[in-house]
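Dear colleague,

Please find below the structure that I am handing over to you. The findings are set out after it.

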Amino acid sequence: MTSNPELESGSLLDQFRETRSRTLELVKTLEKDDFVVQTAFFMSPPKWHIGHVSWIYEAIMSKIDKNYEFYSKEFSEYLNSYYQQFGVPHDKGLRGVVSRPTTDQIFQYFNTINQRVEKFIESKMLSKDAKKMIIMGFHHECQHQELLVYDLQHLLAEQYRPVKKKELPNPVNVEKKSKHIKGGIYTMGNNGNEFCYDIELPEHKVYLNDYKIDEFPITNQQYMEFIEDGGYDTYKYWLSDGWEKVKANKWNSPMYWEKIDGKWHVRDFSGIREINPNEPVCHVSYYEAEAYCKWAGKRLPTEAEWEKAACWNEEKQEKTTFPWGNESPDSDKCNLLESYFWRCSEIGTFPNGISKSGCQHMIGDVWEWTSSEFTGYQDSKQDLMNIMTNGLQIKKF
Ligand SMILES: [Fe+2]
């Protein structure tokens, strides 16, 4: 998505309509009963996503226009995810236990908000900051489209019928090697004029040692070797918390894997099929990714190491928006939702998406784990504070 805050209201409207129609496209083939069901505490019913992505525009409009009146208090409570400033949100794990608002009412709400947002964009003299907030609403909705897809995997898997489906290009033969990346001071974070979330800022310097990183994501074949070597039965590969989860939940493979007639199969949008050894392994938790690395004698990259391998051009000494450069993604370079492949691509499918460091599949297909915690970037302009881990001083007698 292009996301320049200087956009004219015409192109803002186009982006809005495009985003909304893709959301509807994702749920077009669902049965009405599918919209209400919550199959796990970590997923949300499709009905909730449809409502929530609409509610966010209400929250944004209320920030821009202090006189904005919300559609309904009841809807706001149900559709608020965790924004305390808008009231106490409905419990995330209990989004599937309420039948009201009904699915029809939620769609009616979706359409009403469409009209309100369109009128808002057309009728107001929007400041640069206001446009930026509305664009954030588009990105938020795109994020939820992604969440909706992984929730549909949990809800329906092979029973889900996408509206559009395309064939993946054939992969080229590849060798699984690693690339050497030169260390030094690296400036990480967003440096462009395009939209970014606050968590991608500020740009800041980090020191990296020289490192080597795999050219491709870990494949099912590689992960199966870990399983066959007793990876899930050997405590020494696991963090303590992870080992407890392995035992308590009887983990023995990634989520959605099933052993049928002695062979590993996966249940996903392509049906129930034998594991494809050349697809990246997915649906693994952080603990599993970490344990695999320990077994393989490697480690996860830090976020900075991953980012440098993904978008640093050593020759030009510059960072690019995407691994291949600054041109927008297309189906020739990576596997995104908009590519309509509806499955992971085998490694070597997108040689045109190669990063300047020589890594492939750095975007699309799967999210990748890093060892970095999710915390704010270091802001050199911010003052620091000393705070004791134990607030009580020992009293001397
Ligand atoms: Fe959200």
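The notes that follow treat the metal site, the nonpolar cores, a strand pair, the salt bridges and the cysteines in turn. Please bear in mind throughout that this is a predicted model.

Metal site

An iron ion is held by three histidines, His52, His140 and His144, each through its NE2 atom, at 2.2 to 2.3 Å. Along the chain, these donors follow the spacing H-x87-H-x3-H. His52 belongs to helix 2 and His144 to helix 5, so this pair ties together parts that lie 92 residues apart in sequence. Both His52 and His144 are buried.

Nonpolar cores

The largest nonpolar core comprises 43 residues, and Leu79, Leu152 and Tyr160 are those with the most contacts inside it. Two or more residues of this core come from each of helix 1 (9-27), helix 2 (46-64), helix 3 (73-79), helix 4 (103-123) and helix 5 (128-155). Another core, of 18 residues, lies apart from it; Met224, Ile227, Trp264 and Val284 are among its members.

Which residues does Tyr160 touch, leaving aside its neighbours within four places in sequence? Its contacts are Leu26, Thr29, Leu30, Leu152, Phe269 and Trp342.

Strands 6 and 7

Strand 6 (residues 263-268) pairs with strand 7 (residues 271-274) in the antiparallel sense, over four bridges. The two are joined by a hairpin of two residues. Within this pairing, Arg267 has Ile272 of strand 7 as its bridge partner.

Salt bridges

Across the whole structure, 18 salt bridges were found.

Glu158 sits in the loop between helix 5 and strand 1 (178-181), whereas Arg267 is in strand 6, so the pair links parts that are 109 residues apart in sequence. Arg267 is partly exposed, with a relative accessible area of 27%. A network of salt bridges with shared partners joins Asp268, Arg273, Glu279 and Arg343.

The side chains of Arg116 and Glu58 also meet in a salt bridge, at 3.4 Å from N to O. Since Arg116 lies in helix 4 and Glu58 in helix 2, this pair ties together parts that are 58 residues apart in sequence. Glu58 is buried, at 0% relative accessibility, while Arg116 is partly exposed at 27%.

Lys73 and Glu77 form a further salt bridge, at 3.1 Å from N to O. Both residues are in helix 3, and being four residues apart they are separated by about one helical turn. Lys73 is exposed, with a relative accessible area of 67%, and Glu77 is partly exposed at 38%.

Cysteines

How many disulfides does a search of the whole structure find? The search returns zero. For Cys282, the closest cysteine sulfur is that of Cys344, 4.1 Å away, which is too far for a bond, because a disulfide requires the two sulfur atoms to be within 2.5 Å. Cys282 is partly exposed, with a relative accessible area of 23%. Cys311 is likewise in no disulfide, and the nearest cysteine sulfur, in Cys359, is 11 Å from its own. Cys311 is buried, with a relative accessible area of 11%.

With kind regards

How values were computed. Residues numbered from 1 in each chain as written. Predicted model: local features only at pLDDT ≥ 70, side-chain atom pairs only at ≥ 80, totals over all residues. Heavy atoms only, no water. Core = buried A, V, L, I, M, F, W, Y, C linked by side-chain atoms within 4.5 Å. Buried < 20%, exposed > 50% of the residue type's maximum accessible area, 1.4 Å probe, protein only. Contact = heavy atoms within 4.5 Å. Donors = N, O, S within 2.8 Å, 3.2 Å for Na, K, Ca; no water. Pairing = 2+ DSSP bridges. Salt bridge = Lys/Arg side-chain N within 4 Å of Asp/Glu carboxyl O.
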